[in-house]
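Subject: Structure handover

Hello,

Here is the structure for you to look over. My notes follow below it.

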Amino acid sequence: MTTGAQTPLPPARPKRSRLRTFLPLGVAAWFVLEIWLLTLVAGATSGLVVFLVLLAGLVLGSVVIKRAGRRAFRKLSEALQQQQSGVMPDAAHPGSEGNGLMMLGGLLLIIPGLASDAVGLLLLLPPVQKAVSRSAERAFERKLSQARPGTLGDAFQQARMHQPDGKIVQGEVIRDEPGDAAQPPRPPLTH
């Protein structure tokens, strides 16, 4: 029996971002490349050489992460001491940047694989660190300049209003401030 009302359409799925689409493919391609390189080296030499290369990457990566962590902790304690003594800590020390990239390089060295080891070793070079940090800073500034003005609370409010199924929750916040005159009830929101 029909009542003449139209059947509601199912809600449209939100469009997947390009990152969510291509990241799993990129990770799978990276794993395939790592396995292929390891089998290539194992075929040219022996399994013992591959094991020693992977073990060297693990040890070197651990040393790099430990060193970067100590350096970051030392910089933090120096900044806190300067701040407690009433001196503003200098933001631009030579060699003060690169701890995050050094830790990332150490992590890539720890991950088993030859391609990740090569990228990790590249990230340990100071010119590469400077180039990567400059490009990341430019990308961050570009994203920041494209952001709409507002507070962080506005961004959270916008994120809460849009539900995963694509529906928008309509609502209105009414605050009763002390000293305000009583207002008549408002009509309900309609579409």
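Asparagine 99 touches Ala68, Arg71 and Ala72, leaving out residues up to four places away in sequence; contact means heavy atoms within 4.5 Å. Asparagine 99 sits in helix H3. Its relative accessibility is 12%, so asparagine 99 counts as buried. The cut-offs are under 20% relative accessible area for buried, over 50% for exposed, and partly exposed in between, with a 1.4 Å probe and protein chains only.

Please keep in mind that this is a predicted model: local features need pLDDT of at least 70, side-chain atom pairs count only at pLDDT 80 or more, and totals for chains, interfaces and linings use all residues. Residues are numbered from 1 along each chain as its sequence is written, and side-chain values use heavy atoms, with hydrogens and water left out.

Alanine 68 lies in helix H2. Alanine 68 is buried, with a relative accessible area of 0%. Apart from neighbours within four places in sequence, alanine 68 is in contact with Asn99, Met102 and Met103. Alanine 68 and glycine 100 are 32 residues apart along the chain, and their C-alpha atoms are separated by 7.9 Å.

Leucine 60 is also found in helix H2. Is it buried, partly exposed or exposed? Leucine 60 is partly exposed, at a relative accessible area of 38%. Leucine 60 touches Leu109 and Leu121, not counting residues up to four places away in sequence. Leucine 60 and leucine 107 are 47 residues apart in sequence; C-alpha to C-alpha, they are 9.8 Å apart in space.

**Helix H4**

H4 spans residues 114-123. Its buried residues are Ala115, Ser116, Asp117, Gly120 and Leu123. What covers them? The cover includes helix H1 (18-44), helix H2 (47-84), helix H3 (99-110) and helix H5 (126-146).

Now the packing of H1 on H4. The angle is about 105°, and the axes are 7 Å apart. That makes H1 roughly perpendicular to H4. Axes here are lines fitted to C-alpha atoms, for helices over the stretch in contact, and angles run from 0 to 180 degrees between N-to-C directions. Under 35 degrees counts as roughly parallel, over 145 as roughly antiparallel, 65 to 115 as roughly perpendicular, and the rest as oblique.

On the H1 side, the residues are Trp30, Leu33, Glu34, Leu37, Leu38 and Val41. They meet Leu114, Ala115, Ser116 and Val119 in H4. By class, this contact of H1 with H4 has 8 nonpolar, 1 polar and 1 charged residues.

**The whole chain**

The protein chain has 6 helices and 0 strands. Helices (H or I, at least four residues) and strands (E, at least two) are DSSP runs, numbered from the N terminus. Of the 191 residues, 12% count as buried. Among contacts between residues at least 6 apart in sequence, 59% join residues at least 24 apart. The accessible surface comes to about 16,000 Å², with 65% of that belonging to carbon and sulfur atoms.

**Confidence**

The mean pLDDT of the chain is 80, and 70% of its residues reach 70 or more. pLDDT is the predictor's confidence in each residue, from 0 to 100. Where is confidence lowest in the chain? Helix H6 (residues 152-161) has the lowest, at a mean of 58, while H4 has the highest, at 93.

Best wishes

Methods: Nonpolar A, V, L, I, M, F, W, Y, C, P; charged D, E, K, R; others polar. Areas by Shrake-Rupley, 256 points an atom, 1.4 Å probe, with all protein chains shown as cover.
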